[in-house]
Amino acid sequence: MTAPIFHPPAAAASSHDPQRPIAATIAAVVRDGHVLLVRRAHAPDAGRWAFPGGKVELGETVREAAMRELYEETCVRAQALQVFDARDVYDRGAQGELSRHYILIAVLCRWIDGEPAAGDDALDARWFPIGKLASQDLALSFGVADVARQAVELAAALPG
């Protein structure tokens, strides 16, 4: 079975109930021992490095959402291979009150083409060697290094 390849769709309308968690994807693209990260432009974690990703739109699969968000934020095209993790992320206000709860669904992706260029919600987009993610100098969103290690290990175990 072949995983779908991203082709930019028309934008879909959606609304979210602020009292419920928001389903979102992250695209973990692995290429030659490197992972693709974006520097976030908006909350949560503005200015921090994270995987490209965003909300799943109505009628869109998790894999389709990961590929769409990846392309919108980086101009990179990839093939979604498999879902491999899910993380809870809480966006809190100035007094610590919960304003949003995201469920980030990690999708392992195989690079097809394109070089990173920041777009949409990204300030920057770059390939990082997996070893660099342990650096104290790199401001990462919570859990990025762990998810990246998982993605690299899974990608190495895949044929081709």
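Me: Taking contact to mean heavy atoms within 4.5 Å, which residues does Phe84 contact, leaving aside its neighbours within four places in sequence?
Reply: This is a predicted model. Phe84 is among the residues with the most contacts inside the largest nonpolar core. Leaving aside neighbours within four places in sequence, its contacts are Ala28, Ala106, Val107, Leu108, Val147, Gln150, Ala151 and Leu154.

Me: Which element gives the most to the largest nonpolar core?
Reply: That core has 22 residues. The elements that give two or more residues to this core are E1, E2, E3, E5, E6 and H2. The one that gives the most, with six residues, is H2.

Me: Where on helix H2 do its buried residues lie?
Reply: Val144, Ala145, Val147, Ala148, Ala151 and Val152 are buried in H2. Seen down the helix axis, the buried residues of H2 fall within an arc of 160°, so they line one face. Glu153 and Ala157 are exposed on the other side of H2. The buried residues, covered by strands including E1, E2, E3, E5 and E6, therefore lie on one face of the helix.

Me: How far apart are the end C-alpha atoms of H2?
Reply: Helix H2 covers residues 144-157, which is 14 residues. At 1.5 Å a residue they should span 20 Å, and the model agrees: the end C-alpha atoms are apart by 20 Å.

Me: Which side chain of opposite charge is nearest to Asp91?
Reply: Asp91 lies in strand E5 and is buried. A salt bridge needs a nitrogen-to-oxygen distance within 4 Å, and Asp91 has none. The nearest side chain of opposite charge, 4.8 Å away, is Arg100.

Technical notes. Residues numbered from 1 in each chain as written. Predicted model: local features only at pLDDT ≥ 70, side-chain atom pairs only at ≥ 80, totals over all residues. Heavy atoms only, no water. Helix = DSSP H or I, 4+ residues; strand = E, 2+ residues; numbered from the N terminus. Expected span 1.5 Å × (residues − 1). Buried < 20%, exposed > 50% of the residue type's maximum accessible area, 1.4 Å probe, protein only. Arc of directions from axis to C-beta. Contact = heavy atoms within 4.5 Å. Lys, Arg positive; Asp, Glu negative; His and termini not counted. Core = buried A, V, L, I, M, F, W, Y, C linked by side-chain atoms within 4.5 Å.
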